[in-house]
Amino acid sequence: MHGNVIVGQSGGPTSVINSSLVGVYKTAKDRGAKKVYGMLHGIKGLLDRQYVDLSEHIKSDLDIDLLKRTPSSFLGSCRFKLPEIKEGKEVYDKIFEILTELDIEAFFYIGGNDSMDTIKKLSDYAILISSDIKFMGVPKTIDNDLACTDHTPGFGSAAKYIAAATKEIIRDGLVYDYPVITILEIMGRNAGWLTAATALSKGEDCEGVDMIFLPEVAFDIDKFMAKIKGLNKNGKSMVIAVSEGIKVADGRYVFELTDHVEFVDAFGHKQLQGSAKFLADKISNELGVKTRAIELSTLQRCASHMTSRVDITEAFQVGGAAVKAAFEGDTGKVVVLERVSEDPYICTTDTQDVHKIANVEKKVPLEWITENGTFVSEDLIHYIRPLIQAELSPVMVDGLPRHLRLDL
Ligand code: F6P
């Protein structure tokens with residue numbers, strides 16, 4: 001490697017995405033890259049020539065330690081869809097002109113299935129114009145919905161936070177001598193992996209959630225209400241987890257059944273928000289019971305004070321593996337994780353063709369959801385548990401976790 005490399009972050013943030021950034025940065029430097037540039041706000045910012053020389057912002061080992069523990073995307077993010085190659089040649093020409101100006105030999109993009117669309121199109125275009133620049137995807141998403149990989153960096157830490165928060169909410173939710181029904185709304189779009197993590201709350205010190213509803217199974221409101229009514233007869237307080245993406249049989253999201261503001265991103269994804277509130281209000285109205293709707297919302301993807309050490313370590317590894325692969329000549333690939341042993345848990349990295357991963361959503365298999373659709377199987381709990389293990393303490397300053405920040 002004689003030239004420079006560039007790295008960007010794209011899509012929804014996670015609490016360990018900067019560990020992947022450090023993995024790219026350190027490995028590229030250790031393997032001889034002259035400069036490591038960071039695009040600001042991903043490919044969208046690069047098109048406006050917004051980038052930084054990362055060495056000017058990561059100056060010491062302490063900065064590296066802080067950056068690993070800093071939530072969200074240090075370089076800023078975007079939800080920007082590149083045009084189809086035949087419709088937007090000028091966009092691609094501009095990107096390659098900028099990359100050539102910067103003497104870029106390898107381009108790394110840390111993101112989920114939408115962001116991998118960018119790697120797919122840029123690597124395809126590189127072949128078309130016989131460019132030697134290598135394009136590699138570095139996986140991340142709390143949603144865990146990337147194909148071809150055992151799991152995605154970011155998921156384990158979000159799952160750990162969700163399971164821990166659920167335990168705390170259950171303690172609080174069962175405190176009164178009259179019934180309270182708490183509905184928890186968890187992110188994950190059209191995949192229920194994260195919502196399933198609420199099942200990990202159950203243990204010898206916690207009752208666990210009463211029901212779990214994933215988007216993989218059509219949500220039947222009448223059956224849901226009948227279940228609640230049945231349980232409520234005994235005056236039972238309950239904590240119920242629902243995915244933000246639960247849909248009724250005709251394909252509408254549950255939150256769309258009530259007044260809502262429609263916001264759609266460049267990839268056509270609606271902002272999913274409000275299912276818990278809708279269900280809690282319905283229960284209160286029909287049963288006259290006290291309810292509470294809790295959206296974990298962005299808390300679940302930025303809780304860097306509660307990351308999983310397994311997750312943060314793997315996030316670093318996938319960044320490093322992407323650099324190694326690109327420097328050895330790979331392009332148009334995404335680094336994936338392969339679980340090679342269950343006990344002890346061991347994962348290794350490999351690479352897969354980006355065409356198999358871009359824009360594909362990996363859902364929870366139906367055999368990992370109970371037949372009545374109201375809980376998840378032991379196999380799913382067993383799959384998630386190793387990913388939430390061990391901790392990495394925040395660097396505390398004046399009573400609070402310290403972060404590394406870039407003026408965007
Ligand atoms: O893709 C990750 C994710 O956090 C989803 O779980 C969620 O639906 C979405 O991003 C929210 O995106 P935004 O932050 O753009 O509203």
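User: Which residues have the most contacts inside the largest nonpolar core?
Analyst: This is a predicted model. Its largest nonpolar core has 72 residues, and V7, L54, L75, F108, L380 and I384 have the most contacts inside it. At least three of the core's residues come from each of domain 1 (4-141 + 304-359 + 393-401) and domain 2 (155-300).

User: What does I384 touch?
Analyst: Leaving out residues up to four places away in sequence, I384 touches F155, A159, W193, A196, A197 and L200. Another core, of 32 residues, lies apart from the largest one; V91, I98, I119 and I357 are among its members.

User: Surface next. Which residues make the nonpolar patch?
Analyst: V175, Y176 and Y178 make a nonpolar surface patch of about 310 Å². Y178 sits in the loop between α6 (155-173) and β6 (180-186).

User: Is Y178 buried, exposed or partly exposed, and why?
Analyst: Partly exposed, because its relative accessible area is 38%.

User: Now charges. How many salt bridges are there?
Analyst: The count comes to 25. One of them pairs K120 with D117, with the closest N and O atoms 3.9 Å apart. Both residues are in helix α5 (residues 115-128), three residues apart, or about one turn of the helix.

User: Are K120 and D117 buried or exposed?
Analyst: Both K120 and D117 are buried.

User: And what about D407, which residue does it pair with?
Analyst: D407 forms a salt bridge with R405, the closest N and O atoms being 3.0 Å apart. D407 is exposed at 62% relative accessible area, and R405 is exposed at 67%. Elsewhere, salt bridges with shared partners join E84, D117, K120 and K121 into one network.

Methods
Residues are numbered from 1 along each chain as its sequence is written. This is a predicted model: local features need pLDDT of at least 70, side-chain atom pairs count only at pLDDT 80 or more; totals for chains, interfaces and linings use all residues. Side-chain values use heavy atoms; hydrogens and water are left out. A nonpolar core is a set of buried Ala, Val, Leu, Ile, Met, Phe, Trp, Tyr and Cys residues joined through side-chain atoms within 4.5 Å. Buried means under 20% relative accessible area, exposed over 50%, partly exposed in between (1.4 Å probe, protein chains only). Domain bounds come from an automatic or database domain assignment. Contact means heavy atoms within 4.5 Å. Patches are made of residues with over 30% relative accessible area and no salt bridge: like charges are joined within 9 Å, nonpolar side chains (Val, Leu, Ile, Met, Phe, Trp, Tyr) within 5 Å. Accessible areas come from the Shrake-Rupley method with a 1.4 Å probe; for residues, only the protein chains shown count as cover. A salt bridge is a side-chain nitrogen of Lys or Arg within 4 Å of a carboxyl oxygen of Asp or Glu. Helices (H or I, at least four residues) and strands (E, at least two) are DSSP runs, numbered from the N terminus.
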